[in-house]
Amino acid sequence: MKLRLCAGALLLCVFGIAAAAEQVERSEVLTMGAKAGFQEARYADDGSVRVHFEFNDRGRGPKLDSEFRVAADGSVESIANKGNDYFKGPVDETFKRDGSSFTWKNASENETRTSEQPSFYLSLNGTPEEYVLLARALLKAPQQKLLILPAGEARIEKLTELRVKGKPGAKKVTLYAVHGLDLTPSFVWLDDQQRFFANYSSWSSLVREGYADALPTLAKTQDAQEKQQAQQRARDFTEILEKPLAIRNVRAFDPSTGVATDDAVVVIDKGRIVASGKAADVAVPADADVLDGGGKFLMPGLWDMHAHFFGQADGVLDIAGGVTTVRDLANNPPVLAERIAAIEANRDIGPRIIKAGIIDGPGPFAGPTKALADNEADAQRIVDDYAASGHEQIKIYSSIKVELMPAIARMAHAKGLRVSGHVPAYMTARQFVENGADEIQHANMLMLNFLFDKVQDTRTPARFTAIGEYGAGIDLGSPAVRDFVALLKQKNIVLDPTLSTFEDMFLGRPGLPGPGFAAIMTRLPLTWQRNIRSGSGGLPIKPGQEAAYRDGYQRMVDFVGLLHRSGVRIVAGTDGSGGLQIPRELELYVAAGIAPKDALRTATYDAAVVTKRDKEYGRIAPGYVADLILVDGDPTLNMADIRKVRTVIRGDRRYDSAKLFGAIGIAPAP
């Protein structure tokens, strides 16, 4: 009988075998600088790796235990993942390699595949440490490339080295870029033993314990790499319009009137429209370049009124999809300001960005922000800071105290800022509106107004599950609903429904994907296709509740249609992958009974009205900013055609949509 060390305690080993020595590495999740979770990885000298990972994101977040068996060549022979995913759904996933045979099983997949080529299986719901194992396997692989199972290919590139300091001592760390997993390279920092050191983003980071103070140094180095890539994309894909441009032979659509003019000509110069109308009525300057529209549909650029602009591909994705303006509803303010400056200076590709600042209350369900207010003094300081830094709107979040909300509205209005947001916990949407809100984000927040007897603490995923469980029971013809809709209209309240971000959340099931990305799935990178096909990422719906969740979601869609017909202003926002997702958002408005012309208006002229830019944006008319998209089809008849953007003009810049999509690994629209 021998002694062995297990999980930090000396235990008797009744099997008479000493356990392999372990190296323990602990890292912490930091969201906007606040601790939100951790990862602990235990590497044994027999090739086994045990990992625990968890983090809290407003009551959501995974909690996973993973076990790996790693071969001498760095390949993974087996994986076992157990726990819960981001929305608390159960995770039970296994993988095993036997020679050239690879077998895996999870809630969505059950496959066996043979491959003679070097391959690496990526879990559907894995821990961050798995990507470290991938990086190490790539570094040992021929040409530093591997096939990814079930789909895709990855390669690794060493970028730079640094020496950083932390409480445990100084370390040499290396930044690697892994290509092929996402639209842009995925970055990871490894130490000199090729063990995990950090995964940095301006929003949320994972870093080895004791080295949080090194994150600004890592950020500066990584940001420099990302800026270099962005500048190269801008050089490669931006055409500056140095002369007037006449766009001829188009159907020019003005969303403010709903009228499309056949055989139209639109002339732009120095970023603005200088003439538009029937070809016979428009004089084209002699020195103008000419773009033959081939009879296509010309309209103002789209707006995404619910964006969080922090991904490196976001700008390219938006412009490629015809989104020329976004409203950012929560971000890291200095990082966003720097990104805006780069875009406007043509050092990056992206839309015009309107800034709204989030404010939340402290606590276990606080949103990912440093702008936390527990009293009026805190709130006043935060509102003043946002106003001084060019933010135009305050977005109130779910943990704000009910009694503090009216004060925040008064403060914001005194500074000329709009007020919107989630309805705070323990407050109804009616109370939110009566106490000064101008706008509400997310259609579920309006539905919850009629479920206050079922759920009041909406800081958690209960704000979603309550719609699935009880939403279908809301009678849209009831006096309570009619009275509430009348209040919204009377006070000119705006709704940003984000129906598309809820669709797969409510309708997707493991192995049964929702319809949200069905129209574009085959255009996406293989790793994205796998995640979509899996149906993962939805709410954890109990057996027998599928119909209730489907009907609850449909009632939410129907409610948006009712609001529009009742005269409540709707603006289109995605809270997701803007340039890819805004077409689906508009399709859902049409499904709600909104005429296609009116749906297009929500993403153009009406968005400009809400942001007080309707004298310069959202129309095709002389004097307006030349943010235009050329569409191969007619979305006033078939909204699906809005995906067929061919050319995008953002003021004095011109882009080829297909080339932009290709630059981030997405096939162009057919």
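In which strand is Asn 249 found? The legends below, for close-up views of a predicted model, begin with that residue.

**View 1. Asn 249, a non-glycine residue with positive phi.** Asn 249 belongs to strand 19, which covers residues 245-254. Its phi is near 60°. The relative accessibility of Asn 249 is 28%, so the residue counts as partly exposed. Most residues other than glycine have a negative phi.

**View 2. Tyr 426, in the loop between strand 28 and helix 7.** Phi of Tyr 426 is positive, about 70°, although the residue is not a glycine. Tyr 426 counts as partly exposed because its relative accessible area is 44%, a value between the 20% and 50% cut-offs.

**View 3. The cis peptide bond between Leu 149 and Pro 150.** Omega of this bond is about 10°. Pro 150 is placed in the loop that runs between strand 12 (145-149) and strand 13 (153-164). Most peptide bonds are trans.

**View 4. Leu 133, a buried residue of helix 1.** Helix 1 comprises residues 129-140. Leu 133 has a relative accessibility of 3% and therefore counts as buried, the cut-off being under 20%. Apart from neighbours within four places in sequence, Leu 133 is in contact with Tyr 43, Phe 68, Val 70, Gly 74, Val 76 and Phe 120.

**View 5. Leu 133 and Ala 21.** These two residues are 112 residues apart along the chain. Their C-alpha atoms are separated by 19 Å.

Terms used. Residues are numbered from 1 along each chain as its sequence is written. This is a predicted model: local features need pLDDT of at least 70, side-chain atom pairs count only at pLDDT 80 or more; totals for chains, interfaces and linings use all residues. Side-chain values use heavy atoms; hydrogens and water are left out. Helices (H or I, at least four residues) and strands (E, at least two) are DSSP runs, numbered from the N terminus. Buried means under 20% relative accessible area, exposed over 50%, partly exposed in between (1.4 Å probe, protein chains only). Contact means heavy atoms within 4.5 Å.
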